[in-house]
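Visitor: I have a new structure on my screen and would like to understand the words used for it. Could you take me through them?

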Amino acid sequence: MTNSPDTDAASALERQVDAIAAAALACPAVAGLDRGGWQQVATYLPGRRVVGVRIEDERALVSVVMAAGASVATLEAQLRPALAPYVGGRRLDVLVADVAVNEPTATAATSPATPPGRRDGGAAAVRDDAELRR
C-alpha cells in the first residue's frame, strides 16, 4: 500500500514543523515557544498542534520567549542558522512574544515543572487535542 501525495505532504509538513520547534528550543537564547498575540502562531497537525511555529507559502513564523539575559542580536544569531535548514527557502520571521525573567527558586505557588518566567504555566510547545479541551 502506498501513501497518497496528500498524506506524503502532510507527513513532510509534520516533520518540518517538529524540526523547526526542536531546533528553536535547542537555542540557549530561547526559553520556550509562544502562541503569539491575537493572531495565534501555531500549526495544526492530526491530533495535536505545535504552538510557536506557523508555516505559510512564503514564510515560516516562529514565536519565542527569549531567555533572561539574552539579547535580540544573540537570539537572531542563534535562531537563523539553526532554523535555516528546515524552512525550505522561505523567509524566516521571528516574533519575540515574551522575555523570561530570572526567579531564584520555586515556591509553593510555583509548580516545580513550571520553568521560571513562563506565563503559560510551563505548557509544552506541543499539545494534543485532549489537553486543549480541558
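Guide: Here are a few terms, each set against its cut-offs. This is a predicted model, in which local features need pLDDT of at least 70 and side-chain atom pairs count only at pLDDT 80 or more, while totals for chains, interfaces and linings use all residues. Residues are numbered from 1 along each chain as its sequence is written, and side-chain values use heavy atoms, leaving out hydrogens and water.

Visitor: What makes a strand or a helix here?

Guide: Both are DSSP runs, numbered from the N terminus: helices are H or I with at least four residues, strands are E with at least two. The chain has three helices and seven strands, in the order α-β-β-β-β-β-α-β-β-α from the N terminus.

Visitor: How much of the chain is buried?

Guide: Of its 134 residues, 35% count as buried.

Visitor: How do you know which residues 24 or more positions apart are in contact?

Guide: Contact means heavy atoms within 4.5 Å. Among contacts in the chain with a separation of 6 or more, 67% join residues 24 or more positions apart.

Definitions and conventions: Buried < 20%, exposed > 50% of the residue type's maximum accessible area, 1.4 Å probe, protein only.
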